[in-house]
Amino acid sequence: MKSSFGFDNSFRELDRIPRSQKQKQDSLQKIWSGIEDRPKRKKNIFPKFLSAAAVMAACIMFAFIIFSEESTTGGSSSADILGDSFISQTAIALSETENSFSADGTYSAETATVKDEKWESTARTAINSAMPAEAVIDSKPLYDIQFIMKGKESVKVKVWNERGEVYFKSMDSEIMYAVPSEEGAIFIEYLEAIAHSIQKTP
């Protein structure tokens, strides 16, 4: 109330100064526009600063996520193994050791040559959906698979079935991949059926 009363007295004293009505109106207009402009200037500066800070924070967060993801996976993706390349046929054999490779693609009693769309779709889904794993597997691999590609070098992988979990790795890489349980179950079911037919061949 004191503040309001003080302003009222100041305005009354100002009003006693001999000036034209137009000058008084101009002065009043300047006072009102000065009062209105000050909050606008404060409001404009703060949101700009806030927006810039938000953008910088988002960029830092995005870079951190990308870096963390690449560090975790080593920048590798199982989808790169087969990609979208056309599989002309697949050679499957029982694996003998981790370092040797049995499915050399030639017709023999120990190697099955498969050319089937359902198998190819199952194999591609299993491999593309796999994630890098840090599993330590002591047992030898069960199957050697060679995907013979059209217009591309063939892909050779070794497959493990460790306590119901399916793993594989490419012959030209040390990265071990784990196949999700649902895709892995169908994948290994196909391989077991093919292995059974190989073992039955005289």
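Entry 1. I started at Thr122, where a polar atom of the side chain lies 2.9 Å from the backbone oxygen of Lys118. I count as a polar contact a pair of N or O atoms within 3.5 Å; within protein, one atom must be able to donate a hydrogen and the other to accept it, and residues adjacent in sequence count only if both atoms are side-chain atoms. The model is predicted, so local features need pLDDT of at least 70 and side-chain atom pairs count only at pLDDT 80 or more, while totals for chains, interfaces and linings use all residues. Residues are numbered from 1 along each chain as its sequence is written, and side-chain values use heavy atoms, with hydrogens and water left out.

Entry 2. I placed Thr122 in helix H4, residues 117-129. Helices (H or I, at least four residues) and strands (E, at least two) are DSSP runs, numbered from the N terminus. The cut-offs are under 20% relative accessible area for buried, over 50% for exposed, and partly exposed in between, with a 1.4 Å probe and protein chains only. Leaving out residues up to four places away in sequence, I found that Thr122 touches Ile186, Phe187 and Tyr190. Contact here means heavy atoms within 4.5 Å.

Entry 3. Next I looked up the sheet. It is open and has 7 strands in the order S2-S1-S4-S5-S6-S7-S3, with antiparallel pairing. S2 and S3 (131-133) are the edge strands with a single partner each, so one side of each has no neighbour in the sheet. On average, neighbouring strands are turned by 30° against each other, direction ignored. H4 packs on this sheet and touches S1, S2, S3, S4 and S6, and the direction of H4 makes about 80° with that of S1. Axes are lines fitted to C-alpha atoms, for helices over the stretch in contact, and angles run from 0 to 180 degrees between N-to-C directions.

Entry 4. I then went through the pairs involving S4. Two strands pair if DSSP finds at least two bridges between them. S1 and S4 are antiparallel over 7 bridges. In this pair Leu94 stands opposite Tyr143, and Thr90 stands opposite Phe147. S4 and S5 also run antiparallel, joined by 5 bridges. Their hairpin has 5 residues between the strands, and Gly151 there takes a positive phi near 70°. Of the 7 residues of S4, 6 are buried, so S4 is largely enclosed by the rest of the structure.

Entry 5. I checked Thr90, which sits in strand S1. Thr90 is buried, at a relative accessible area of 0%. The side chains of Thr90 and Trp119 make a polar contact of 3.1 Å. Residues touched by Thr90 include Ala112, Val114, Ile145 and Gln146.

Entry 6. Which residues touch the most other members of the largest nonpolar core? I noted Trp119, Ile145, Phe147, Val159, Phe168, Phe187 and Leu191, out of 28 residues. H3 (79-82), S1 (87-94), S2 (111-114), H4, S4 (143-149), S5, S6 (165-170) and H5 (181-200) each supply at least two residues. H5 gives the most, with 6 residues. By definition, such a core is a set of buried Ala, Val, Leu, Ile, Met, Phe, Trp, Tyr and Cys residues joined through side-chain atoms within 4.5 Å.

Entry 7. I moved on to Lys158 in strand S5, residues 155-162. Is Lys158 buried or exposed? Lys158 is buried, with a relative accessible area of 0%. A polar atom of the Lys158 side chain lies 3.1 Å from the backbone oxygen of Thr97. Among the residues Lys158 touches are Ser95, Glu98, Phe101, Tyr167 and Met171. Ser102 is 56 residues from Lys158 along the chain, and their C-alpha atoms are separated by 9.8 Å.

Entry 8. I counted salt bridges, each a side-chain nitrogen of Lys or Arg within 4 Å of a carboxyl oxygen of Asp or Glu. The count is 2. One joins Asp144 and Lys158, with the closest N and O atoms 2.6 Å apart. Asp144 is in S4 and Lys158 in S5, so the pair ties together parts 14 residues apart in sequence. Asp144 and Lys158 are both buried, and Asp144 stands opposite Lys158 in the strand pairing. Glu162 and Arg163 also form a salt bridge, at 3.7 Å from N to O.
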